[in-house]
Structure formats: structure tokens, C-alpha cells
Amino acid sequence: MKPAPFEYVRPATLAEACALLAEDADARLIAGGQTLVPMLAMRLARPARLIDILRLPELAGIREEDGVVTVGATTRQAHAEHDPVIRTSAPLLAAVLPWVGHPPTRNRGTIGGSIANADPSAEIPLVAVTLSATIVIATARGIVAMRADDFFIGAMLTALGQGDCIIAIRFPVWRQPRIGVGFREVSVRRSDFALVAAAAQIALDDDDRCIDVALGVAGVGDKPLRLNVSSLIGGRFDAASVSEVVHAATRDLETTGDLHASAAYRRRLAATLCCRVLQQARDSAAARETAR
Ligand SMILES: Cc1cc2nc3c(=O)[nH]c(=O)nc-3n(C[C@H](O)[C@H](O)[C@H](O)COP(=O)(O)OP(=O)(O)OC[C@H]3O[C@@H](n4cnc5c(N)ncnc54)[C@H](O)[C@@H]3O)c2cc1C
């Protein structure tokens, strides 16, 4: 199918893009186009005007300062996947990116586009929630910084208002020397959206005791969730303690079933994957050298 006719504009500045967006309720931003273009082709979206933000300088670049990695919204997923700052300082994001779609979709798709799209199974929103990232948004009220938890409201639903544009995503850097990450997803085919995905990041001290932990899960509800497993902090973990804590954290997950998987299967899968990613993260942290 072919898209319905639309006007295409490429503003030179962020201010111009936001003004164009705010003045026209039928306008849509386009970044990598990997979600929007198929929607246009199937006429699931029929914007009168597309505002191309891909080359706006304000939305570009990856930088680390003051314990935060800031990823510009229009950073291509493939670029972030191989970026040395992301690999060193946002290792969980680096670990999930190879699972986002396929190399051709990652060559065009952007980090900000995935966050704005808010698919409940998407990997990049999962990392943002797991690590308590901050979404930086240009709004009519000025620049707003919002916690990922507050940004994602439901399936394909975010706190973005008419005229708002994501500028960047800020991922906190864990400074501990012994950090490990874990990621697992189950999908029908490799690179499909996940049925369920889980992500973990762990920091260990020199005695292999957990000093920080973050765990998140996607595909079990209408948005990614961060799970509370803070009771692992202070201990060395083994399979039994991990299983007990994960069981408590996932017991009350509100899961819905669909054509692809029942609610009960998703809940069981979430618990299994959470145990595996915690163990994977723990093992990779333990393999790092101690300061002694
Ligand atoms: C075959 C295929 C497989 C895929 N598999 C996966 C997968 O496994 N996991 C996964 O997570 N994704 C997957 N995707 C989606 C892909 O990763 C997209 O890149 C991503 O969802 C959207 O990013 P984009 O830059 O292409 O956004 P676009 O398609 O350009 O835009 C998507 C939406 O976000 C809005 N938007 C974009 N940028 C901004 C911004 N800065 N501020 C505010 N709103 C904005 C647009 O208006 C639009 O509504 C797949 C896509 C395809 C085609």
C-alpha cells in the first residue's frame, strides 16, 4: 500500500520543529521512520505533515559528564551499539541493542524514536526503566526532564503532549568497578519483538557481595517495569536466594494474555528470565578483577 499524501518539512532548528509541531494537530515527527513509515504505508497513521528531525544538531550525539551518559534522541541504534562511551558507561544499553530489530532497522531507527514509540515489549524502553533513566523533552513550557517510570503510561502511550519532542535520554553511570549486566528475551524469531524480556545490572564488592542491583521486565504488562530486588543487596547470591527474591517480586505482576502467549505463560517466563539475567549479571561482575 501507499501512504496518504502528506507534506514533508525539514526544519533547521529544534525551536522551528517544535513550533511547526505545536501549530498543527495533524503533524507528526519522523526520526528513523522504522515504525512510522510502515504505519503510513498501511494507513494506520495519516498525518497531514511530517516533520523530519533527524538532522537537528540539538538532538545528536553521545556524551558522558557528571555521572550521566546523555544519548541524543536521533542517535541511530546501530551507532549507539558500537559507541565506546555506551559500551563502557552504559553497558546494559550496549547489551540489549543487538536484540532490537535487525541490522538494517538499527541502521535507521533511533534511540529517541523507540522511547517515543513506547512498545511494551521494546528493549530500549526496558533499559530506560530498569536504570531509572531520565527523558529530556522540549515542551511549550521549556525543557522538562522526566523519570522513565513517569514517562511511560501504557501501551504506545507516553507523557508526551502535542508539540513535545524528546531531545535526549540520560542514563546514570554506575561507578563501581565490578559491574555486570544480563539480558534475555524470548521471541518467536530472533529480532522479533519479545514476548517477554528481562534486563539486570549488578555491582559487586571485592568479596562478591551485591552492593547495587537493578532489574526490569518487559512484555508482561502495558509498559516496562522495574522490579524491587533490593533485598539482594548486602548478600552473595546463589540460585536459591535469587529464585526466592524474584518469586516475591513477580508474584503479583498483572499480566495479560494475547494471541501469542497466555497470561500465565508470560508470568512464568518473566520469573524464569529474571532469575537468569540476575545470575548472568552476577557472573559477569564476579569475573571482573577485584581491587586487591
Ligand atoms: C522489521 C522490524 C523489526 C523491529 N523489531 C524491533 C524490536 O525487536 N524491538 C524494538 O524495540 N523495536 C523494533 N522495531 C522498531 C524499530 O526499532 C524503530 O526504530 C523504533 O520503534 C522507532 O524508532 P524510529 O527512529 O524509527 O522512529 P519513527 O518511526 O521515526 O517514529 C516512531 C514514533 O516516534 C515519534 N518520534 C520519533 N522521534 C521522536 C522524538 N525525538 N520526540 C518525540 N517523538 C518522536 C514519531 O512521531 C512516531 O510517532 C522493528 C522495526 C521493524 C521495521
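Predicted model: local features only at pLDDT ≥ 70, side-chain atom pairs only at ≥ 80, totals over all residues.
## The chain as a whole

Residues are numbered from 1 along each chain as its sequence is written, and side-chain values use heavy atoms, with hydrogens and water left out.

A compact globule of 292 residues would have a radius of gyration near 19 Å, and the chain agrees because its own value is 19 Å; that radius is taken over C-alpha atoms, and the globule rule is 2.2 Å times the number of residues to the power 0.38. The C-alpha trace spans about 60 × 45 × 35 Å along its principal axes.

## Domains and contacts

The chain splits into domain 1 (7–52), domain 2 (57–172) and domain 3 (179–286), with bounds from an automatic or database domain assignment. Taken over C-alpha atoms, the centres of domain 1 and domain 3 are 36 Å apart.

As for secondary structure, the chain has 11 helices and 14 strands; these are DSSP runs numbered from the N terminus, with helices being H or I of at least four residues and strands E of at least two. Of the contacts in the chain with a separation of 6 or more, 64% are between residues 24 or more positions apart, a contact being heavy atoms within 4.5 Å.

## Helix α10

Now for a closer look at one helix. α10 has 12 residues and reaches 16 Å from its first C-alpha to its last, close to the 16 Å expected at 1.5 Å a residue (1.5 Å times one less than the number of residues). Its buried residues are Val242, Val245, Val246 and Thr250. Seen down the axis of α10, they fall within an arc of 120 degrees, so they line one face of the helix; the arc is that of the directions from the helix axis to the C-beta atoms.

The cover over these buried residues includes β14 (225–227) and α11 (263–286). On the face of α10 turned away from the buried side sit the exposed residues Ala240 and Glu244.

## Thr250

Thr250 belongs to α10 (residues 239–250). With a relative accessible area of 4%, Thr250 counts as buried. Leaving aside neighbours within four places in sequence, Thr250 is in contact with Leu227, Arg267, Ala271 and Cys274.

Terms used. Buried < 20%, exposed > 50% of the residue type's maximum accessible area, 1.4 Å probe, protein only.
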